[in-house]
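The sequence and the model come first.

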Amino acid sequence: MPVVSQVTKASREEPILALMLKLEMPMVREILSQEEFSRPRSSLSHASMAVGESSVELLDACSRLLDLLDAPRIFHS
């Protein structure tokens, strides 16, 4: 989903951090077909974005990705 945003405040003391996930739709459809998910409650009937609770597992994976920023780059051939 294309998103346009604007950072209104960022500094060395309070930097902005963004994370982009590129999802493979066939894999997303397969995962969704295996589980039953409830829709988040929203006052908008056709919201293109939503806010909801995140699982500990997802936060842990994101944290590990961020830790890689401080890791030396290793290239495999």
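The model is predicted. Asp60 and Arg64 both sit in helix H2, which spans residues 56-67. Four residues separate Asp60 from Arg64, about one turn of the helix. Their side chains form a salt bridge, with an N to O distance of 3.2 Å. The structure holds one salt bridge.

How accessible is Asp60? Its relative accessible area is 39%. Asp60 therefore counts as partly exposed, because that class runs between the 20% limit for buried and the 50% limit for exposed residues.

## Overall make-up

The protein chain contains two helices and zero strands. Of its 77 residues, 1% are buried.

The accessible surface of the protein chain is about 8700 Å². Carbon and sulfur atoms account for 56% of that surface.

## A nonpolar surface patch

Which residues make the nonpolar surface patch of about 600 Å²? They are Leu19, Leu21, Leu23, Met25, Leu65 and Leu68. Leu65 belongs to helix H2, the helix that also carries Asp60 and Arg64. Leu68 is found in the segment after H2.

Leu65 and Leu68 fall into separate accessibility classes. Leu65 has a relative accessible area of 43% and is partly exposed. Leu68 has a relative accessibility of 54% and is exposed, because the exposed class begins over 50%. Both residues can belong to the patch because its members need over 30% relative accessible area.

The patch brings together residues from separate parts of the sequence. Leu65 and Leu19 are 46 residues apart along the chain, and their C-alpha atoms lie 9.5 Å from each other. Both leucines are among the residues that make the patch.

Notes
Residues numbered from 1 in each chain as written. Predicted model: local features only at pLDDT ≥ 70, side-chain atom pairs only at ≥ 80, totals over all residues. Heavy atoms only, no water. Salt bridge = Lys/Arg side-chain N within 4 Å of Asp/Glu carboxyl O. Buried < 20%, exposed > 50% of the residue type's maximum accessible area, 1.4 Å probe, protein only. Areas by Shrake-Rupley, 256 points an atom, 1.4 Å probe, with all protein chains shown as cover. Patch = residues over 30% accessible without salt bridge, like charges linked within 9 Å, V, L, I, M, F, W, Y side chains within 5 Å.
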